[in-house]
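Hi everyone, thanks for coming.

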Amino acid sequence: MALPTNPRPQRNDALPLPATAPSGVRPLRQLPQMSGMFPGAAPAPTTTVPQNTRPVLPSFGFAAPQPRLVSTPSSALSSRSSTPSTASNYSTEMLLKPGSNRGSVDAEKAGRRSNYGLRGLTSPSLRQQWLAPPPSGPRSHFSLGSGKSTPYSTTSSSTFVTSSGRIALSADPDFWEITPGTPGSATDDWLHNPDPKRDRKNDRGGTIFTRRGFANVGCIALTVLMVVSLFAVYPIINSLYQSPFATTFGGLNLGGINETGQVPIMAGNFALIDRDTPESAFTKASFQGDGSELQLVFSDEFNVDGRTFYPGDDPYWEAEDMHYWATNNIEWYSPDAVTTQGGNLVITLDRLENHGLNYQGGLLSTWNKFCFTGGLIEISAILPGASNIEGLWPAVWAMGNLGRMGYGASLEGMWPYTYDSCDVGTLPNQTFPNGTPLENTVDNDPGNFGALSYLPGQRLSACTCAGEDHPGPQRADGSFVGRGAPEIDILEATVDHVTKIGKISQSAQWAPFNLKYRPNETPETMVVHEPTLAEINPYIGGAFQQTTSALVETNNSCAYEASGQNACYSQYGFEYKPGNDGYITWISDGKASWTVNAEAMSADAVSGASQRLVPEEPMYIIANLGMSFNFGPIDFAQLNFPARFYIDYVRVYQQKDKINVGCDPEAFPTEKYIQDHIAAYTNANLTTFEQFGDAQEQTH
């Protein structure tokens, strides 16, 4: 391989270097007189280094230098073994050990420039040579031999060698290299040639006020703007343009975004308001005829087919897997019987054996998932079966969240109380321990020995003492608000046993009871809006409930499944205002059917019951399809199975200034009480609250 014009040879351990500055090499700067550094030093005779002690220079493709004798002042030689103190002063020499295969430079000693070579210059004449003014001309390397045997320029063949065979170099490394750009220099020498002015400028850094700086800052600003637009500006604009009015349901800020800047829409179309709800349904006029407008707060359009409602499948609905023993149903409720199809919630009742029962039906609810207090609930549905065949019991209803339907331990002492007084109305059998009032013990429910009430008493009454088990709230005087699990039924479909006309029962259940279950019925307290279609139900209660209800004729021509292709959806629901001055207005076929006002359940001086309240509890929604002889005759011969109950949608509206959704509102909390008694709400085999207490003791 051809070498460059002026190749730079590698240094070798045995190669000598001159003791005096060669021509073109800048010597050390003038230093103070140092003759006293080495006391007793005197000129010494010349020492000759034997020829055979120097190894041959490696071949680089050119002639190696010829062997020669090197003259060195004997005063410059020193033996480390004979003068240890002097030898230690050679710690900054460039060490070249004859015969050594290691690298020629001792890195530790080479880093100490200040001592290079000077301590070895004990001869005044030698010191004078090194301290002479620098010659003019380009720098060059020290000679490694005669000028004839090396391509490097040199003016001296002398070198400074210690008695130990080590060679001292100048303390200034500038003498070791050729000046960049001069003959013999390497092409990359400029990399190792510091420039203080240039380096100081670079160390201070630059400025962004350049074309490149403006481009970099501009790109960063554009990226930030795009991210903000994507996650903040776009959701707000989209929300405002998608809806005719802006809301903050589920969010705290403009456009309904929450604290993280996200729009509260759950994946899978599970927001409180179904995205498939048409804009025309976002508001609705109140059925009170006062011109007020209600706002949509919850909807489910059931447009996604194949939904399932096993526990954990849905954020709002859950289907039960149980026998509804409380009403002696003859079917088993299974989640398999509830799904969505064709834009409907479909509940199926079939002749199918399950858990030893011959029929399987379905029941689902929003218990402890979605609740509302006050407002309007509306459904659109096709009733199962036919309008003239008895036996099916479809229902859609609402209940207070402190009682879970079908779980007896949670309902005992809770259903259907809606009461906030501390009197005999809260006691078992609605009588004092001495059996008074006597009127409450005779001539009331003929099926229960004339007793007025078989209820166990209100478990969470206004009579609760401080420190006793109660979910609250407490008043300022320390007394508790009476709590319960009231019930309001949107519909229970039935068939008149005589006329064979399909009707629905629309009712509310109350406790405690009026004497003989008779409400304070007047044209003002119980109002029938459609006399041709609705009538007050003659059934008014028994020992376990008092009821106010009306029987409303349905659209028998198309409101039922049996109408086939001609079947039509009808709208049912109720609108209510909670409290002792409230009301409940029921809706059938899209029109107000009848109303009960709170005055109908005013105090009864004889039975001792005080004012019953239009339910103030957070109410959850229930829908089911089953059968029971408790509800009426069953015509097995005429019924067709499977029977299906189709619900097109469920929607809840409230006044814009009275939005109250959630199962644990501050005024009527439920969450902590449910968690403290969780077995009563999750174990359907516990039929009484006493059994719950026994189960609690066994687990502790």
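I'll go through the ring pairs, then the charges over rings, and end with a surface patch. Please keep in mind that this is a predicted model.

Let's begin with the rings. How many aromatic pairs does a search of the whole structure find? The search comes up with 17. One of them is Phe 298 with Phe 370, a stacked pair with 4.1 Å from centre to centre and 20° between the planes. These two partners come from distant parts of the chain, 72 residues apart. Phe 298 belongs to strand 4 (residues 293–300), while Phe 370 is in the loop between strand 10 (359–365) and strand 11 (375–382). Are they buried or exposed? Phe 298 is buried, at a relative accessible area of 0%, and Phe 370 counts as buried too, with 3% relative accessibility.

Now for a second pair, Trp 367 and Tyr 681. Why do we call this pair stacked? Because the planes are at 15°, and anything under 30 degrees counts as stacked; the ring centres are 5.8 Å apart. Trp 367 is buried at 10% relative accessible area, and Tyr 681 is buried at 0%.

Back to Phe 298 and Phe 370 for a moment. They belong to one aromatic cluster, together with Tyr 316, Phe 372, Phe 574 and Tyr 576.

Next, charges over rings. Arg 459 lies over the face of Phe 689, 3.8 Å from the ring centre. Likewise, Arg 651 sits over the face of Tyr 649, at 3.5 Å from the ring centre.

Finally, let's go to the surface. Which residues form the nonpolar patch there? They are Ile 220, Val 224, Val 228, Val 233, Ile 237, Leu 240 and Tyr 241, with about 680 Å² of accessible area together. Tyr 241 is in helix 5 (residues 211–242). At 70% relative accessibility, Tyr 241 counts as exposed, because exposed means over 50%.

Terms used: Residues numbered from 1 in each chain as written. Predicted model: local features only at pLDDT ≥ 70, side-chain atom pairs only at ≥ 80, totals over all residues. Heavy atoms only, no water. Patch = residues over 30% accessible without salt bridge, like charges linked within 9 Å, V, L, I, M, F, W, Y side chains within 5 Å. Areas by Shrake-Rupley, 256 points an atom, 1.4 Å probe, with all protein chains shown as cover. Salt bridge = Lys/Arg side-chain N within 4 Å of Asp/Glu carboxyl O. Helix = DSSP H or I, 4+ residues; strand = E, 2+ residues; numbered from the N terminus. Buried < 20%, exposed > 50% of the residue type's maximum accessible area, 1.4 Å probe, protein only. Phe/Tyr/Trp six-rings, centres within 6.5 Å; stacked < 30°, edge-to-face > 60°. Lys NZ or Arg CZ within 6 Å of the ring centre and 35° of its normal.
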